[in-house]
Each structure stands twice: as C-alpha cells, then as structure tokens.
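Here are some friendly notes to read alongside the model. Please keep the 3D view open and find each residue as you go.

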Amino acid sequence: MANKDSRLKNSIRNSAVGLITQAITLILGFLARSVFVKTLAEDYLGVNGLFTNILTVLSFAELGVGNAIVFGLYKPIRDNDEDKIAQYVTFYKTAYRLIGIIVAAVGLCVAPFLDIIIVDKPNIPENLTFIYLLYLANTVLSYFMVWKRTFMTANQEKYIGTVTE
C-alpha cells in the first residue's frame, strides 16, 4: 500500500488537478446557472437555494470527522501498517454511515415543516416535498459513499478520484 511516487510529486499533481477541476466546475456552474435563469422560473432557483441551505445546515453533523481520519491515516500509510489502515477505514465507514442516518432522520423531520419554512409558495407544479426528499436523498447517499475516498486523500492520490469523476 506504500506510495511509490514521492509525496511532493503527488502533492503537485493533486494541486494541479484540483485547480483545473475547480476552474472547470466554476465555468460550467456559471454556464448552467445562466441557462437556468434564462429558461426556468425564478421560483425553481429559489427552491434550489433554500433546499441547498437546509441540507448544508444538516451537514454540520459531519463535524470534521473526515479530516480527522485522513490526518490519522498519514502515519500508518507512511509506516505501511496495513492493519491500522484497515482499522481507520472501517471506523470511517461506520462513522459516515451513522452520520448519513442522522442527516436522513433529521432531514425527514424537517419535511413536514416545509409549509412553515416556505412562506411564499413558489409557482411551480411539482410537489415541493418530493423535490426536497430528492435533495435529501442525494446528500444522504453521498455520506454512504464518501468513506471510499479516504485512503486516496490520505495517500495523496486524490487526483485519481477527481479525474475519474
């Protein structure tokens, strides 16, 4: 499991890929937002913003667990301690499953109160609760998958996951 390339080389590669990916994401995000503003009603954009903000607040349940685990993995990776690496990754997987369940539960508790949260109902034909549940499912499912990237991040191979997305 030891990293064959130098840590400096991987750090440079991670930075370059991250910078390029961020630039592309910003440009595509701006273009998509421009198209949405011109083709969709403002109501859709408002719903998107509201649900994104609600789920961002719920995401505070993570509380930096991922960063702590990645930091904890540095030494076992350096020492090629496969048992310790497996323990960290297993813990991370369990922790993020629990966080996903907590976010799902709290998110489902918010759903009945959407009528109170949304004072001025948007003029869209779709069911707002259903749209919210789709946003919630997207967020929760990401918690069940994120643990897989931990080792690549700690091993300074995050560029692999970034490029393959």
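1. Tyr92 and Tyr96 sit 4 residues apart in helix H4, so about one helical turn separates them. Helices here are DSSP runs (H or I, at least four residues), and they are numbered from the N terminus.

2. A word on the source: this is a predicted model, in which local features need pLDDT of at least 70 and side-chain atom pairs count only at pLDDT 80 or more, while totals for chains, interfaces and linings use all residues. Residues are numbered from 1 along each chain as its sequence is written, and side-chain values use heavy atoms, with hydrogens and water left out.

3. Are Tyr92 and Tyr96 buried or exposed? Tyr92 counts as buried at 5% relative accessibility, and Tyr96 counts as buried at 4%. The cut-offs are under 20% relative accessible area for buried and over 50% for exposed, with partly exposed in between (1.4 Å probe, protein chains only).

4. Now for the aromatic pairs, of which the structure holds 4. Rings of Phe, Tyr and Trp (its six-membered ring) pair if their centres lie within 6.5 Å; planes under 30 degrees apart count as stacked, over 60 as edge-to-face and the rest as tilted. Phe51 and Tyr135 have ring centres 5.6 Å apart and planes at 70°, so this pair is edge-to-face. Because Phe51 lies in helix H2 and Tyr135 in helix H6, the pair ties together parts that are 84 residues apart in sequence. Phe51 is buried, at 0% relative accessible area, whereas Tyr135 is partly exposed, at 25%. The pair of Tyr92 and Tyr96 is edge-to-face too, with 4.8 Å from centre to centre and 65° between the planes. Ring pairs also link Phe51, Tyr132 and Tyr135 into a cluster.

5. Which residues have the most contacts inside the largest nonpolar core? They are Phe51, Ile54, Leu58, Val103, Tyr132 and Leu136, in a core of 27 residues. Helices H2 (42-58), H3 (65-78), H4 (82-110) and H6 (128-145) each give two or more residues to this core, and the largest share, 8 residues, comes from H4. Such a core is a set of buried Ala, Val, Leu, Ile, Met, Phe, Trp, Tyr and Cys residues joined through side-chain atoms within 4.5 Å.

6. Leaving aside residues up to four places away in sequence, Leu136 touches Leu55, Leu58, Val103, Ala104, Gly107 and Leu108, where contact means heavy atoms within 4.5 Å.
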